[in-house]
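Please open the model in your viewer and keep the sequence beside it. The tour goes from one selection to the next and says at each stop what is there.

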Amino acid sequence: MSSSVETALLDAEDARGPRRQHPARAALRRLLRHKLFLSGLVLFGIILIAGLAAPWITTADPTRLSLRNKFLPPGENFVFGTDNLGRSLWSRVVWGAQLSVIIGVSVVALNAVFGTLFGAIAGYFRRLDNAMMRVNDALMAFPAILLAIGITAVLGPSTVNVILALAIVYIPRTARIVRASVLVVREMEYVQAAVAAGAGHWRILFRHILPNAMAPLIVQLSFLFAYAVLSEATLSFLGLGAVPPTPTWGNIMAEGRQYMREAPWIITIPGVALMITVMGLNLLGDGLRDVLDPRLRIQQ
Amino acid sequence: MLRVIARGLLSAIPVLFLVSLITFGLMRFIPGDPSAAIAGLAATAQQIEAIRKDLGLDQPILTQLLRWYAGLLRGDLGRSILMGKSVLEVTFERLPITLALSAYALAITLVFGLLSGILAALRQNTWVDQAAMMFSMLGISVPNFFLGLLMIILFSVHLGWLPTGGYIPFTQDPWGWLRTSTMPAISLALLQMGLLARITRSTMLEVLRQDYVRTARAKGLPERTVVMKHALANALIPITTVVGIIVSLLVSGAVVTETLFSIPGMGQLLTSAVLNRDYPMVQGALLLVTAFLVMINILVDICYALLDPRVRYE
């Protein structure tokens, strides 16, 4: 791909240039030249904007029944058609996008806070490492969806419980990545310099180590967003997520299953929306990894 | 070699202990009264009390924990409320179905994942590479139940070639098994196929740049030999480690696929157990499946050590 040549040239330019660019700005510049990253940004952007703008771009209540209008195919009055109860599929899918975004953001935020905290502590304080990683290994031994199902079984089906379940499932995985990165950074010379200068543990950890150990975490979080959206759709498809008539993509598809002969659009439209989201985030993640974490780059 | 195996098995003990502890703890977090939840809304106080006694929930938590481990050591995981049989018995009925489906999906994954990864690496930056990578990006992005639904709409509803669901055991009718298992296996394999293709490609590209591959080419070996004997053989070693992850994803995916295609395996069992508040079954299935995966991963680690002497002698 020519982009690797471009990045190499850019790097050289950065190094020679009269003022050295801030690394974050340099990374941003390279990202904006990464074609796959940009296409991911566009795909995910569509869903994100639709979700955020849901109250303004939908007119029909996503849960209002209108049996007169049931099974209308996508067309003039209803862009995406209607379902078995005459509800506007456009409204339901757009509000479903909002719910997916909320779930993704919440799971990512919980992971960013607690995954980082646990990973940083395990990686920095060697005494705690072994015990913490054992628990981590045990939690990671459960297949993700199965553990999420077990947790929602215990807590009961609801949006908040799905977020909690997915956070519990993925935090150990995030912690592991942060720990690995902290283990590398803590051996750097500037960390020794900070120790020599008499900085305290927490200052070293949060001011010197973590900011330099962030790249793998950022990459992980973009993939995590995709897993969270996908897992939520799976759980609600199985009837273990938000309770119907809440419009989630999984719920819509589960209801559409009975009518796939006469109204296949009930399944395909939310399915495609889900696919666009996951693919967009995967492309974003690949792009971020290429730029931020070149060691893991899929070889060009 | 024995030391490698022994070390692998020993490392399983703390993980399995913690996994069983977590599973036990999980079911104690049920808000409110689990016995009442199991009994349902119409239950009388006596019925609830009977269930509580039956599950041992009237005992102090420590007694419950000891009983749990005493049961585990005897192979007693409790009784499924829904099925009226022991959890282990139900699992033995259901697990072979899931394993057969997973094995089918694994075969598809390995053949197509490896093949497209290798081809993409050998034809790097050509349309073959781009098509293979596009395909694997689709693979990791299309939810397996969505692909399953699309296949049902196309092959069952419109073309009428394959049944929409159900299951025929292989031993009873191999052709029937193939007809009922092919769509589930493909939808189950897709994600892993994409992952494997991506990993195979990047590993192959790395190996193809090694000095020993250049040496092999320089001494005039045919390209086939270079690729198969020098590159692929070495690339497969790191790829083995992914197999553990793939099997774990297969089992996760089976939960959805089996429910979608009405296949009476472990996945469908777990979903219906959760929906019917059959807590002993949920607990047992979660533990057994996870224990199985832990053992698979140890097997993978052992294979890895056996394949790669560098790991063994560390």
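Begin by selecting helix H5 (residues 87-122) of chain B together with H11(B), whose axes come within 7 Å and cross at roughly 130°. Axes here are lines fitted to C-alpha atoms, for helices over the stretch in contact, and angles run from 0 to 180 degrees between N-to-C directions. H5(B) and H11(B) are therefore oblique to each other, given that angles under 35 degrees count as roughly parallel, over 145 as roughly antiparallel, 65 to 115 as roughly perpendicular and the rest as oblique. To see the contact itself, show Val90(B), Arg94(B), Leu95(B) and Thr98(B) on H5(B), and Met266(B), Gly267(B) and Leu269(B) on H11(B); two residues are in contact if their C-beta atoms, placed from the backbone, lie within 7 Å. By kind, the residues of this contact divide into four nonpolar, two polar and one charged, where Ala, Val, Leu, Ile, Met, Phe, Trp, Tyr, Cys and Pro count as nonpolar, Asp, Glu, Lys and Arg as charged, and the others, Gly among them, as polar.

Before going further, please note how the model is to be read: it is predicted, local features need pLDDT of at least 70, side-chain atom pairs count only at pLDDT 80 or more, and totals for chains, interfaces and linings use all residues. Residues are numbered from 1 along each chain as its sequence is written, while chains are lettered from A and ligands numbered from 1 in the order in which they are written.

Stay on helix H5 of chain B and select Leu88(B), which has its place there. Leu88(B) is partly exposed, with 16 other C-beta atoms within 10 Å; a residue is buried if 20 or more other C-beta atoms lie within 10 Å of its own, exposed if 12 or fewer, and partly exposed in between, with C-beta atoms placed from the backbone. Leaving out residues up to four places away in sequence, Leu88(B) touches Gly75(B) and Leu77(B).

Next, look at the loops of chain B. Select Asn125(B), in the loop between H5 and H6 of chain B, which is exposed, with 11 other C-beta atoms within 10 Å. Asn125(B) has a positive phi of about 65° although it is not a glycine. Most residues other than glycine have a negative phi. Then move to Ser262(B), in the loop between H10 and H11 of chain B, where phi is near 45°, a positive value in a residue other than glycine. Ser262(B) is partly exposed, with 14 other C-beta atoms within 10 Å.

The loop between H7 and H8 of chain B holds Thr164(B), which is partly exposed, with 18 other C-beta atoms within 10 Å. Not counting residues up to four places away in sequence, Thr164(B) touches Ile152(B) and Ser156(B), and Pro184(B), 20 residues apart from Thr164(B) in sequence, is 10.0 Å apart from it in space, C-alpha to C-alpha.

Now show the whole of chain B, with its 13 helices and zero strands; helices (H or I, at least four residues) and strands (E, at least two) are DSSP runs, numbered from the N terminus. Of the 314 residues of chain B, 40% count as buried, and its C-alpha atoms fill a box of roughly 85 × 55 × 35 Å, taken along the principal axes.

Switch to chain A, which has 13 helices and zero strands, and in which 49% of the 300 residues count as buried. If you colour chain A by pLDDT, the predictor's confidence in each residue, from 0 to 100, you will find the lowest confidence in helix H1 (residues 2-16) of chain A, at a mean of 51, and the highest in helix H8 (residues 159-185) of chain A, at 91.

Finally, show both chains. How many residues does each chain bring to the contact? Chain B gives 41 residues and chain A gives 38 residues. On the side of chain B that touches chain A, H1(B) gives the most, with seven residues.

End by selecting Ile149(A), which, leaving aside its neighbours within four places in sequence, is in contact with Leu235(A), Leu240(A), Val255(B), Leu270(B) and Val274(B).
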